[in-house]
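I opened the notebook to record what I looked up. The entries follow in the order I made them.

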Amino acid sequence: MRFHLLSPKTLKLPATVAVQKSLWLSPCFGAYVVIFTFVLLATAYGSGQAMAGGIRFTDITQSAGIRFVHNNGAFGAKYLPETLGPGCAFIDYDNDGYPDILLVNGEDWPGHHRAASTLKLYHNNRNGTFTDVTAKAGLAISLYGMGVAIGDYDNDGYDDIFISALGQSRLFHNNGNGTFTDVTTAAGLAGVNEFSTGAAWVDYDRDGKLDLVVANYVQWTPQTDLRCTLDGAHKSYCTPESYKGASLRLWHNLGNGKFEDTTKKAGLYDATSKSLGVAVLDYNNDGWPDLLIANDTQPNKLYSNNHNGTFTETAVTAGIAFSEDGIARAGMGVDAADYDRSGRPGIIITNFSNQMMSLYHNEGNGLFVDEAPRSAVGSASLLTLGFGCFFFDYDLDGWPDIFIADGHIESDIERIQKRIKYRQPPHLFRNLGGGKFEEVTDSLGASFAAPRVARGAAYADIDNDGDLDLLVTTNAGPALLFRNDGGNRNRALRVKLRGTASNRDGIGTVVRLDAGGEKQWQMLRSGSSYLSQSELVLTFGLGQKMSVSTVEIEWPSGKIDKLSNIAANETITVQEGKGIVTATKFSGAEKTAKLELNRKAIQ
Ligand SMILES: [Ca+2]
Ligand SMILES: [Ca+2]
Ligand SMILES: [Ca+2]
Ligand SMILES: [Ca+2]
């Protein structure tokens with residue numbers, strides 16, 4: 001029986017928890033509160049989609065010790081790059097199982113120097129706090145950084161850092177001892193002077209070595225900066241239509257620490273693109289990674305992998321190049337996931353204000369259909385300008401939800417367009433199954449739902465309690481860390497991969513789960529979102545299931561590992577060809593198990 005009337009709002013679970021905490025000290029209230037709480041929990045469990053209510057994203061930026069403010073160098077000239085950054089990433093650079101934080105920064109413009117600003121690396125202390133280890137790590141480097149991609153390009157077991165930038169992008173090799181070395185020149189990546197944005201590590205030729213795709217925005221320098229105005233009087237940030245496009249670059253990994261530019265050889269050269277977002281997906285399920293590029297005011301590109309080192313562009317025939325009415329929209333961030341258990345990855349792309357975001361359903365015949373206009377996702381995103389975006393299962397019910405970081409590019413946009421704000425709340429769309437979503441942003445906490453000028457966004461389980469926490473950057477503002485409180489009332493299985501024949505990170509691996517007949521799958525990928533990267537661990541929400549019947553791991557090498565009867569609420573590390581090498585229980589797992597016992601006791 002399903003108690004649909006008992007919505008999470010009716011239950012007011014967080015209020016109950018607060019009451020419980022305040023009265024807990026009093027023994028005479030204790031027994032009453034315990035029973036009351038368990039009755040509520042039991043009622044909630046009975047409602048089927050129970051555990052969605054009561055989840056909060058708690059702003060722990062201050063207590064965690066994250067003290068970052070983005071320097072975009074703005075001094076009044078309104079240079080185009082100022083309004084677009086920065087990105088952020090989770091990287092477990094010391095392999096202790098706790099994701100650390102990398103924040104990309106800009107710098108002052110030449111001739112307008114005020115203060116030094118650098119990249120920032122924060123070490124996760126495993127107790128809710130982080131320590132700034134930037135200097136010790138050798139990353140106190142100034143550059144006009146935009147985005148970041150994390151991957152172990154030399155397969156030594158330590159994740160490396162690529163920073164996309166205005167001018168020269170950089171590759172930092174992880175030395176395995178807490179320090180990094182700038183290997184840009186040695187790797188053959190030096191000498192370009194571009195406006196680079198989204199980036200992703202992908203083994204496009206499946207030779208076991210991660211290759212690198214780097215998107216470029218437009219041809220821009222301070223000397224060629226144009227004057228645009230919204231009101232005829234004040235300078236504003238130009239739209240990319242004012243500038244010439246720039247091709248992305250594909251860097252093929254030669255395996256000796258060096259890369260070669262294979263952009264043209266691979267058929268990817270396209271100087272008309274104005275690209276921001278990069279997502280890797282296998283949209284036609286042929287086992288080869290395809291590339292999706294979100295373009296701003298130019299048609300999006302979908303590069304289908306030909307299995308021979310080349311790609312064929314298919315976005316127009318696939319139906320994702322333009323909006324339904326034939327307009328090239330302002331594509332920013334991008335991600336792909338099987339959101340309706342069709343077995344195929346769908347796509348989200350964030351667009352400009354007065355444009356809905358895109359929610360493309362993969363029809364399985366090479367075609368995508370934009371479901372946003374007929375969905376809560378479309379109407380809710382019409383007035384917002386989205387950047388960072390991804391599918392992630394915040395409530396661990398087994399259905400991927402959608403997070404969108406919003407914020408306009410023009411600080412005085414409200415003077416010109418009354419309905420559009422500079423600071424905008426994010427969107428969190430809860431997946432209801434069957435291709436349906438509902439916005440739940442306002443229920444997740446005041447700071448989480450506050451309007452901001454957000455750009456980058458990434459997720460990871462920072463506290464090893466099984467649920468996914470959030471990192472968000474803001475333009476010329478702070479980076480924010482939100483802890484997921486309550487997501488782990490449902491159970492999960494987290495899968496970390498260790499490739500041997502395949503790349504060490506296992507990027508490109510497809511993991512398929514069967515939990516009592518309910519099937520899910522995900523592909524481990526670098527890139528996605530906007531200028532940002534989430535952790536390289538897969539999280540599968542299991543609802544209230546105690547275990548997973550089978551796990552099938554299909555590596556990029558073609559090898560398949562099969563596991564069976566895996567307990568929920570743990571992170572398993574699976575080595576290619578060997579199976580599980582470690583299994584670590586979530587730190588909150590004991591608490592969840594106790595609740596389960598109590599639930600059984602009162603039934
Ligand atoms: Ca770590
Ligand atoms: Ca490769
Ligand atoms: Ca969900
Ligand atoms: Ca967590």
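I began with terms: two strands pair if DSSP finds at least two bridges between them. Strands (E, at least two residues) are DSSP runs, numbered from the N terminus.

I noted that this is a predicted model, where local features need pLDDT of at least 70, side-chain atom pairs count only at pLDDT 80 or more, and totals for chains, interfaces and linings use all residues. Residues are numbered from 1 along each chain as its sequence is written, while chains are lettered from A and ligands numbered from 1 in the order in which they are written.

I looked up an open sheet of 4 strands, which has the order 20-21-22-23 with antiparallel pairing. Strand 20 (334-337) and strand 23 (368-370) each have a single partner strand, so one side of each is left without a neighbour in the sheet. From one strand to the next, the twist averages 20 degrees (axes are lines fitted to C-alpha atoms, and angles run from 0 to 180 degrees between N-to-C directions).

I then went through the pairs. Strand 20 meets strand 21 (residues 346-349) over 4 bridges, antiparallel. There, V334 has I349 as its bridge partner. Strand 21 and strand 22 are also antiparallel, over 3 bridges. I found I347 bridged to Y360 in strand 22.

Strand 22 and strand 23 run antiparallel and are joined by 3 bridges. In strand 23, D370 stands opposite Y360. The two strands form a hairpin with 5 residues between them. In the turn, G364 has a positive phi of about 90 degrees.

Is strand 22 (residues 358-362) mostly covered or mostly uncovered? It is mostly covered, as 4 of its 5 residues are buried. Buried means 20 or more other C-beta atoms within 10 Å of a residue's own, exposed means 12 or fewer, and partly exposed lies in between; C-beta atoms are placed from the backbone.

**Entry: G579**

I found G579 in strand 38 (residues 579-585). G579 is partly exposed, because 14 other C-beta atoms lie within 10 Å. Beyond its neighbours within four places in sequence, G579 is in contact (C-beta atoms, placed from the backbone, within 7 Å) with D561, L563 and V574. G579 and R498 are 81 residues apart in sequence and 9.7 Å apart in space, C-alpha to C-alpha.

**Entry: the core**

Of its 153 residues, V148, V213, A457 and L471 touch the most other members. Leaving aside neighbours within four places in sequence, A457 is in contact with residues including F390, F403, L471 and Y530.

Key:
Two residues are in contact if their C-beta atoms, placed from the backbone, lie within 7 Å. A nonpolar core is a set of buried Ala, Val, Leu, Ile, Met, Phe, Trp, Tyr and Cys residues joined through C-beta atoms within 7 Å.
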